[in-house]
Amino acid sequence: MGVKLFNLPDPGEGLVEADVVTWKIKPGDQVKVNDIVVEIETAKSLVELPIPWEGTVVELLVDEGATVDVGSPIVSIEVAGAEPDVAPEAAPAAAASASPASAGEDEGEERVANLVGYGAVAGSTQRRARRTAAPTPSQKSAPSAPVAPVAPPVQEPAEPVGQSAPRGKALAKPPVRKFAKDNGVDLASITPTREDGVITRAEVEAHLAGASAPVAAVASAPSAAPGERETRTPIKGVRKMTAQAMVGSAFSAPHVTEFITVDMTRTMELVDRLKGDREFKGVKVTPLLVLAKALCVAVKRNPGINATWDEAAQEIVVKHYVNLGIAASTPRGLIVPNIKDADAMNLRQLADAMGALVETAREGKTPPADMSGGSITITNVGVFGVDNGTPILNPGEAAILCFGAVRKMPWVVTDASGNDTIVPRQVTQLSLSFDHRLVDGDLGSRFLADVAALLEDPGKALVWG
């Protein structure tokens, strides 16, 4: 018998840490290969981790609620015939002293994923030295959104030899360094807020403005127990990533927002017909589905709207595919999973994909791969009865389309004889925020007008598509 240490694998996208949410096992349990043993929350989603061995659970090395570095041991398993990582009585000590590198690795050796389907890009999970900043007065008094109670975090493992950056050196990407130099800012004078100690452009701009970088507003106000005046909740997981992304987007991309009011009557009639169509039996047909298809058609007519700004290469990258992001509000915060190659799907395929996306998002189990690689996004505020908004761009994308509530309103209709009459129609508002470095007013306006025209007359898709 040998005791093997199961180290936290990288669930994907080069993530460096995760929170342990729920253990599915306890000491003494028998496990088989690929049994789900723990549920973790990364900065992007909930992920269930399988075990790569068959054996007996010796000890859970971290508590629920703890934040753990990728590569740190989280559970020890007694495996028949296996070469032990540690002796059984030494397992707890190994948990306290192990470095974030996988057990048994030498310094500089490439970490190999020990779990099928998981593994980091080489070098992507090396953690830089952290810098701890004292909370500002505004941070001390600001309430946070409630989450389930968590156990106190375990002591974080020491940085592995050769992987930490000098603590006296400011960490920042080349474009941020150049921006700071051009504006006469000493990066060493800025205290980073990111876990990895990397200074962002938003923090440099906030320094220039004489204030700390703003934090994104929380989704809802917490409920306080009788007598309590404040509730404090650690900012972590999905909400932490969302805050960083939104602040970065707001300060790095020059946003412009345009608005249009649309007669949706024909689209609503189409939705009603499709609900009774046998081809759409078993799927949910909504106005959002038609809007998603209209957006894909409009992108083909205006490809420049589906692009990204490559700061390092100083290039505009136009994408010849549509990975359509759908902003979704979940109990763990706002996430934006995307449908890969949505432009290649017919309406039924798109309906199936949207249904699957919404279901996994509500369960909090959107895989990390579905959270990356988006090219353009829709946010649907109409489901809350809201008419319009000015959305912030999803980082790395050129545009985001906001869909408001559909309401019955008086509308001027011109008949074939040129006579105007006022009739009740189904009306909505659309707004488009875009990155003005990539999209000028002409392109943004043409794209928004095309989407509106397709909603007013869905039959145009047969001509334009």
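## A loop residue and a helix pair

Glutamate 83 sits in the loop between strand E8 (73-79) and helix H1 (91-97). This is a predicted model. Glutamate 83 is exposed, at a relative accessible area of 64%. Glycine 2 lies 81 residues from glutamate 83 in sequence. In space, their C-alpha atoms are 5.6 Å apart.

Now to the helices. Two packed helices are described by the angle between their axes and the distance between those axes. Here the pair is H7 (residues 287-301) and H9 (residues 441-456). They pack at an angle of about 135°, and their axes are 9 Å apart. That angle makes H7 oblique to H9. The crossing of H7 and H9 is right-handed.

The table lists the residues that make the contact.

| Helix | Contact residues |
|---|---|
| H7 | Val290, Leu291, Ala294, Leu295, Val297, Ala298, Val299, Arg301 |
| H9 | Phe447, Asp450, Val451, Leu454, Leu455 |

By class, the contact of H7 with H9 has 11 nonpolar residues and 2 charged ones.

What of H9 itself? Its buried residues are Leu443, Gly444, Phe447, Leu448, Asp450, Val451, Ala452, Ala453, Leu454 and Leu455. An α-helix has 3.6 residues a turn, so residues three or four places apart point the same way.

The length of H9 also checks out. At 1.5 Å a residue, the 16 residues of H9 should span 22 Å. The end C-alpha atoms of H9 are 22 Å apart, which agrees.

Note on methods. Residues are numbered from 1 along each chain as its sequence is written. This is a predicted model: local features need pLDDT of at least 70, side-chain atom pairs count only at pLDDT 80 or more; totals for chains, interfaces and linings use all residues. Side-chain values use heavy atoms; hydrogens and water are left out. Axes are lines fitted to C-alpha atoms, for helices over the stretch in contact, and angles run from 0 to 180 degrees between N-to-C directions. Helices (H or I, at least four residues) and strands (E, at least two) are DSSP runs, numbered from the N terminus. Angles under 35 degrees count as roughly parallel, over 145 as roughly antiparallel, 65 to 115 as roughly perpendicular and the rest as oblique. A crossing is left-handed if the near helix is turned anticlockwise from the far one by less than a right angle, and right-handed if clockwise. Contact means heavy atoms within 4.5 Å. Ala, Val, Leu, Ile, Met, Phe, Trp, Tyr, Cys and Pro count as nonpolar, Asp, Glu, Lys and Arg as charged, and the others, Gly among them, as polar. The expected span of a helix is 1.5 Å times one less than its number of residues. Buried means under 20% relative accessible area, exposed over 50%, partly exposed in between (1.4 Å probe, protein chains only).
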